Amino acid sequence: MTASEQDFKNNPLGTETTLDDVTDAFEFLDDWEERYAYIIDLGKQLPAFPDEARVEENYVHGCQSQVWLIHYFDEDSGKLYLLIDSDAMIVRGLAAIILVALNGKSPRELLTTDIDELFESLDLFRHISPTRGNGLRAMVGKIRDIAAAEAA
Amino acid sequence: MTDLSVANAANKPAFDVDAVRRDFPILSQQVNGKPLVYLDNGASAQKPEAVLDAMDRYYREMHSNVHRGAHTLGDRATAAFEGARETVRSFLNAESTREIIWTRGTTEAINLVANGLAARLKPGDEILVSQMEHHANIVPWQMIAERTGAKVVPIQITPDGELDLESFTSLLNKRTRIFAITHVSNVLGTVNPVAALVEQAKSLGILTLVDGAQAVPHYQPDVQALGCDFYVFSSHKMFGPTGIGVLYGKAQLLEEMPPYQGGGEMIERVSFERTTWNTLPYKFEAGTPAIAEAVGLGAAIDYLNRLDRQAMEAAEANLLERANQLVETVPGMEIIGTAKQKVPVMSFKIAGLHPSDIGTLLDQQGIAIRTGHHCAMPLMDFYGVPGTARASFAFYNTLDEVEQLFTALQKVQRLFA
């Protein structure tokens, strides 16, 4: 693993930036332009992803954009930390929302979080619906698999 | 029949895009609160009322299985089904309906031909394709190459997206058995000079297949003038239903090819000692065919025949010209594919933006385009891009829609600034 433990723990998404922050922000966004500008901004908050980790085993297969995912399980605190990268800005922003919801939680806590419901409430469900080949759904599936393996 | 069509041609009205749009009910809807601007015709085109009506009427009034005789509905269904085959024959100017095989689409047609020709291939033989092919005109050949020891060789293209004719000529050799080329590139819009290419290949005894999937929405090909051995296309890209396509093949070659699938319809007589094949075209049509879809495709061709082709092509050229003029209004936008002969297809990239971001934010504005690799990964590799955004126009698109696309692209760019 090339990313250090600190790289994972320094990720503000899900720790400093909380789900309440995001859902509150969404309430004040009037039109699609503001909503997507906010999503794009969130994407800019994704921490740098180590170049060495852009390898096949960390690649999440989606049709259009490239998505990478790595994780670190902290035995002491029992929390799972995630880093995600994508070459598409909106996918990065949506990945940031997923991290806000799932990063730095215990695997059990993570597994009880309903991402579909969250995206539905933000009116973003279409982006993770099975009809969109952008890799986000596969990414959520992969995160849940990792959590299930750590929880076992 | 001939006299009648001449009379109709004289009475054809000038091309009226507003009238034409009223023939396509799906176009008059809102998407994400905005009027739909459908610019993904290269992926699949919309259907005129005439096609919807023909299929509806077929199921309401004449549906039965075909070629089974014995009752009136069967006769009606068979007449409609075979009538559609004749419509396709006439559309392509093929010699005989024996040369018109129904398939599920372009992809199945190419697989059928590849399998049918496999027995002719020996190790070291070459199948010539091009760098701009859709995967459907690469992978079936790779599969039979693997089986037979032949190899698939790509013709190079120029940075403009034209076929490199020197590369083509230099690659033709004694081992070349098959030449399979797209008529029109799905990504670049390039119209290849297929008649000249086919002539050159044929002079060396090479079998030729032309993938017409992206050509038939814009042109009416004449297979006898092109001289190719096979011409294939899908219905759904030329305003007909999904699930059906056409393989045109020269009768003699089709006679020599083995059947593709076994089952009902394609046999003459079956016994456990010996089974014999039905005559053309039925030899290649195992199982109950897509009858309503064939009728729908026939209706689509009839619909196109009622339009003024010249006026339609001129209108399409205007769309592309307007789009090209507006490129400079979006800083960093670059067209991929600038061949001299193009259908109205515009692949592009915008510096700093991922195609999927462009697609998502255009969709928010009611504009449908395609983003991604367009099933042409070797072509993406050539241009060094993961994918492109592609706006593909049809004759029912308007100049106003072209302008809306560019206004929307400017908005996308502002959001990322």
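## Report on chains A and B

In this predicted model, helix H4 of chain A is followed by Gly104(A), a residue with a positive phi, near 75°. The helix itself, H4(A), consists of 14 residues and reaches 20 Å from its first C-alpha to its last, which is close to the 20 Å expected at 1.5 Å a residue. Because 14 of the 14 residues of H4(A) are buried, the helix is largely enclosed by the rest of the structure.

The sheet of chain A comes next. Three strands form an open sheet in the order S1-S2-S3, and their pairing is antiparallel. Strand S1 (59-60) and S3 of chain A are the edge strands, each of which pairs on one side only. Strands of a sheet pair through backbone hydrogen bonds, either parallel or antiparallel. Between S2(A) and S3(A), which run antiparallel, there are eight bridges. Tyr72(A) has Tyr81(A), in S3(A), as its bridge partner. H4(A) packs on this sheet and touches S2 and S3 of chain A, its direction making about 175° with that of S3(A).

The loop between strand S2 (67-74) and strand S3 (79-86) of chain A holds Glu75(A). Is Glu75(A) buried or exposed? Glu75(A) is exposed, because 7 other C-beta atoms lie within 10 Å, and a residue counts as exposed at 12 or fewer. From Glu75(A) to Phe49(A) the separation is 26 residues in sequence and 22 Å in space, C-alpha to C-alpha.

Chain A also meets chain B: 15 residues of chain A are in contact with 12 residues of chain B. On the side of chain A that touches chain B, helix H3 (32-44) and helix H4 (89-102) of chain A each supply at least two residues. H3(A) gives the most to that side, with five residues. The table lists the residues on this side of chain A by class.

| Class | Residues of chain A on the side touching chain B |
|---|---|
| Nonpolar | nine residues |
| Polar | four residues |
| Charged | two residues |

Chain B has 15 helices and 17 strands. Its C-alpha atoms fill a box of roughly 75 × 55 × 40 Å, taken along the principal axes. For 417 residues, a compact globule would have a radius of gyration near 22 Å, and the 22 Å of chain B agrees with this. Of the 417 residues of chain B, 47% count as buried. Among the contacts in chain B with a separation of 6 or more, 71% are accounted for by residues 24 or more positions apart.

Methods. Residues are numbered from 1 along each chain as its sequence is written. Chains are lettered from A and ligands numbered from 1 in the order in which they are written. This is a predicted model: local features need pLDDT of at least 70, side-chain atom pairs count only at pLDDT 80 or more; totals for chains, interfaces and linings use all residues. Two residues are in contact if their C-beta atoms, placed from the backbone, lie within 7 Å. Helices (H or I, at least four residues) and strands (E, at least two) are DSSP runs, numbered from the N terminus. Ala, Val, Leu, Ile, Met, Phe, Trp, Tyr, Cys and Pro count as nonpolar, Asp, Glu, Lys and Arg as charged, and the others, Gly among them, as polar. A residue is buried if 20 or more other C-beta atoms lie within 10 Å of its own, exposed if 12 or fewer, and partly exposed in between; C-beta atoms are placed from the backbone. The radius of gyration is taken over C-alpha atoms; the globule rule is 2.2 Å times the number of residues to the power 0.38. The expected span of a helix is 1.5 Å times one less than its number of residues. Two strands pair if DSSP finds at least two bridges between them. Axes are lines fitted to C-alpha atoms, for helices over the stretch in contact, and angles run from 0 to 180 degrees between N-to-C directions.
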